Amino acid sequence: MMDAVIDEIDGRMIRIGDRWLADFASCNYLGFDLDREIIEAVPAALDAWGTHPSWSRLLGSPLLYEQIEERLTHLLGCEDSLVLPTITHIHMSVIPVLAASGTIFLDERAHKTIYDGCQAAKARGAAVRRFRFEDPDHLDQLMAAERDPMRLVCMDGVNSMTGNPPDLCAFAAVARRHGALLYVDDAHGFGVIGERGARESSPYGTRGNSIVRHAGVSYDNLVLVAGFSKAYSSLLAFITCPTEVKQMLKVAASPYLYSGPSPVASLATVLAGFDVNEKRGDALRARLYALTSRLLDGIRRLGIDTPNRSGLPIVEVPLREHRRIAEVGQYLFDQGIYVTLAAYPLVPKAEVGFRMQLTAANTDAEVDAALDALEELAARGLLRAAGDSIGTLGPGV
Ligand SMILES: Cc1ncc(COP(=O)(O)O)c(C=O)c1O
């Protein structure tokens, strides 16, 4: 279940060799990768623009980029936004610019790509201090003891392993109190969670406009980074910022000039994705919530441990003994269940397990098949019982 060649897909079923498996390793949370309306938007864009823009963005951006940034800014309710090909590009280039020679306070369980961005910043003169996961009080203490006036706090939104969002209100309040800029990567929240309201179709909220709107926090002193490659199934990512900062990043963050642009098909599927999100997004999120609840309710009924407290569609299942990961992976594969294995040394031994992700394109039958497999793994004593401590997860994968 690593480095596999997928021969064919049919909905959320995938074929590897002669075996069909239900895919619980997909980040295409809204099922936009399979959505006819979105797929059908691609040919006209290719006819108009060819397969790939000719230029890096500073040389020239097809009109599609303008349309995307306008619609995104409107959806998020921020002052402005800048899109670049991937979140990795953004972390590696923007974190060093924002940190300069100041101090970065880094969530100890932040995603690997945030770590890499902080390493790049360190190489350019920034200091890096780590604060404990989900612990705004620890961040407060570290910042109170820090004399450097230039402060950047880097953290995840919805955590890619636990599936839980941080208490963003608390972190934003601490950052503001200490005059720091808060930089949040919500790769897994964008498209899934959004602003709360009386008409919401599920506790995920409406419009999928990310953790900042979900938590009701303002964009003052806050930069949101996320991507379209998960919920919107397209190769593109963004950063929210004031227009003045956007103009500065265009020349200071290297991908705007030095990296190739996203393919036209991805620009077209982002735009079509905005349309579908407006028309059917909340119904898809309600479906996603129902499927996730079906899985989590089953896991609770079976007495299996998971760190997921949020009901969001990332469900990690830790193993009792890390050495048995290959056996567990083989069993799940044989039962036709495809998951993300988190093996040592990718994660510390105490945190070895597997991650299951749901998308709106999964089916009840697929979830039930997964629960049957989990029941057997639990009966064989391979999974931790509910309530067992999972320890601290390392940098997300
Ligand atoms: C939290 C988080 N940040 C960043 C990334 C990387 O995103 P991209 O592929 O856009 O570079 C991922 C991808 O898995 C992620 O989960």
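The largest pocket has a volume of about 250 Å³. On a 1 Å grid over the protein atoms alone, a pocket is an open set of points with protein on both sides within 12 Å along at least five of seven lines, while a cavity is a set where a 1.4 Å probe fits but cannot get out. Points are joined across faces, edges and corners, and a volume is the space filled by probe spheres set on them. The pocket's lining (residues with an atom within 4 Å of a point) runs to 20 residues, with Ile87, His111, Thr113, Ala187 and Lys230 nearest the centre.

This is a predicted model, where local features need pLDDT of at least 70, side-chain atom pairs count only at 80 or more, and totals for chains, interfaces and linings use all residues. Residues are numbered from 1 along each chain as its sequence is written, and side-chain values use heavy atoms, leaving out hydrogens and water.

The largest one has a volume of about 60 Å³, and its lining includes Asp107, Phe133 and Glu134.

Now for the packing: Leu182 is in contact (heavy atoms within 4.5 Å) with Val153, Met155, Leu168, Phe171, Ala172, Ala175, Asn221, Leu222 and Val223, leaving aside neighbours within four places in sequence.

How far can you trust it? The mean pLDDT (the predictor's confidence in each residue, from 0 to 100) is 96 for the chain. Over residues 390–397, though, pLDDT stays under 50. Where pLDDT is low, the predicted coordinates should not be read in detail.
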